[in-house]
Amino acid sequence: MHLEYHVVGRDFQAAGGAAAKIKRTLRQIGIDAETARRVGIVAYEAEMNIVIHAYRGTVGIDILPERVNIYADDEGPGISDIALAMQVGYSTAPEDIREMGFGAGLGLPNMKRYSDELEVESQVGSGTSIRAVINLPTKEGS
Amino acid sequence: MQLRDVARILEAEVLTCEDKLDLTVEAGCGCDLISDMLAFTKERMIVLTGLVSPQIIRAAEMVDLVAVVFVRGKRPTPDIIELSNELGLPIMCTHYPLYESAGLLFTAGLPGWRHWPRAVGGAKDAP
């Protein structure tokens with residue numbers, strides 16, 4: 001199953017809606033609560049990164065028998081130093097965004113924390129692509 | 001403790017889902033940053049916050065929170081109440097500030113992330 005949503009930069013009214021739909025769909029098709037929670041958090045952080053930093057983008061997932069692939073692609077300023085952006089507490093969010101409760105410097109670290117694999121590619125002046133993988137629990141529950 | 005105990009201890013006004021006050025709460029977290037909330041909360045927890053934003057409710061949905069408590073007399077806007085009703089998420093507001101709200105609940109036996117057995121293993125990098 002494939003889901004994809006368009007995300008508009010600085011649209012804080014709709015922000016978080018794509019991740020919410022993704023999480024609800026996972027629960028509806030019987031994915032366990034813990035996996036749905038992890039996918040939801042990664043998708044939410046990816047969506048908010050686009051809303052906060054980019055002009056526009058897409059967030060989507062592919063549900064496979066053994067895992068969920070999450071992707072987020074945006075047109076935006078890109079990230080000049082990905083290693084720095086992965087550091088807890090580092091944020092380039094402007095002041096008006098921080099006042100809304102964002103800019104903790106935990107966006108990418110949270111994505112890494114809740115996914116089994118995470119890849120971030122970015123070109124300054126062009127945009128950023130994120131690929132995350134969350135493995136589904138095995139039948140033994142491990 | 002139950003959600004109704006949280007409301008009683010904090011002298012809080014319940015704004016949505018009064019029918020869910022018998023839900024069990026196992027731990028609490030106080031935070032004003034969305035990503036902190038995503039990093040350090042799980043299901044069966046409540047969040048105390050001074051941040052009045054619909055994004056608190058969106059994030060609460062992502063982590064399956066039991067409820068959100070707005071502190072220091074802050075009142076959520078109608079769009080926040082509407083979204084919470086839609087999601088079936090109990091929200092309440094208390095006149096106590098964040099520090100005192102957390103202290104009252106902690107003293108009454110509601111642990112934070114570090115003292116919550118279910119968070120062990122995930123607590124190594126807790127704030």
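In what order do the five strands of the open sheet of chain B stand? In this predicted model, the order is β1-β5-β4-β3-β2, and the pairing between the strands is mixed. The edges of this sheet are taken by β1 (13-14) and β2 (27-30) of chain B, each of which has a single partner strand, so one side of each is left without a neighbour in the sheet. Helix α5 (residues 98-107) of chain B lies across β2, β3 (45-49) and β4 (67-70) of chain B, and the helix runs at about 165° to β2(B).

The sheet belongs to a chain that holds five helices and five strands, and from the N terminus on the elements of chain B follow one another as α-β-β-α-β-α-β-α-β-α. The radius of gyration of chain B is 13 Å, close to the 14 Å that the globule rule gives for 127 residues, and chain B is therefore as compact as a globular protein of that length. Taken along the principal axes, the C-alpha atoms of chain B fill a box of roughly 40 × 25 × 25 Å. Of the 127 residues in chain B, 46% count as buried. When the contacts in chain B between residues at least 6 apart in sequence are considered, 52% of them join residues at least 24 apart.

Chain A also comes to five helices and five strands, but its pattern, read along the sequence, is β-α-α-β-β-α-α-α-β-β. The five strands in the open sheet of chain A have the order β1-β2-β3-β5-β4, with antiparallel pairing. The edge strands here are β1 (2-8) and β4 (117-123) of chain A, each of which pairs on one side only, and the twist from one strand to the next averages 10°. Within the sheet, strand β3 (residues 67-75) and strand β5 (residues 127-135) of chain A are paired in the antiparallel sense over nine bridges, and one of the residues involved, Asp74(A), has Thr128(A) as its bridge partner in β5(A). Helix α2 of chain A packs on this sheet, where it touches β1, β2 (56-63), β3 and β5 of chain A, and its direction makes about 5° with that of β3(A).

For the overall dimensions of chain A, a compact globule with 142 residues would have a radius of gyration near 14 Å, and the 15 Å of chain A agrees with this. The C-alpha trace of chain A spans about 45 × 30 × 25 Å along its principal axes. Of the 142 residues in chain A, 38% count as buried, and residues 24 or more positions apart account for 59% of the contacts in chain A with a separation of 6 or more. The C-alpha atoms of Asp11(A) and Ile52(A) are separated by 8.6 Å, although the two residues are 41 residues apart along the chain.

In soluble globular proteins, nonpolar side chains tend to be buried together. In the present model, the largest nonpolar core has 74 residues, and those with the most contacts inside it are Val39(A), Val42(A), Ala43(A), Val47(B), Ala67(B), Val68(B) and Val69(B). Helix α2 (residues 33-53) of chain A gives the most to this core, with eleven residues. Ala43(A), when residues up to four places away in sequence are not counted, touches Ala18(A), Ala19(A), Ile22(A), Val59(A), Ile61(A) and Ile70(A).

Where the two chains meet, 17 residues of chain B are in contact with 19 residues of chain A. On the side of chain B that touches chain A, the elements that give two or more residues are α2 (34-40) and α3 (54-63) of chain B, and α3(B) gives the most, with seven residues. By residue type, this side of chain B divides into nine nonpolar, three polar and five charged residues.

Key. Residues are numbered from 1 along each chain as its sequence is written. Chains are lettered from A and ligands numbered from 1 in the order in which they are written. This is a predicted model: local features need pLDDT of at least 70, side-chain atom pairs count only at pLDDT 80 or more; totals for chains, interfaces and linings use all residues. Two residues are in contact if their C-beta atoms, placed from the backbone, lie within 7 Å. Helices (H or I, at least four residues) and strands (E, at least two) are DSSP runs, numbered from the N terminus. Ala, Val, Leu, Ile, Met, Phe, Trp, Tyr, Cys and Pro count as nonpolar, Asp, Glu, Lys and Arg as charged, and the others, Gly among them, as polar. A nonpolar core is a set of buried Ala, Val, Leu, Ile, Met, Phe, Trp, Tyr and Cys residues joined through C-beta atoms within 7 Å. A residue is buried if 20 or more other C-beta atoms lie within 10 Å of its own, exposed if 12 or fewer, and partly exposed in between; C-beta atoms are placed from the backbone. Two strands pair if DSSP finds at least two bridges between them. Axes are lines fitted to C-alpha atoms, for helices over the stretch in contact, and angles run from 0 to 180 degrees between N-to-C directions. The radius of gyration is taken over C-alpha atoms; the globule rule is 2.2 Å times the number of residues to the power 0.38.
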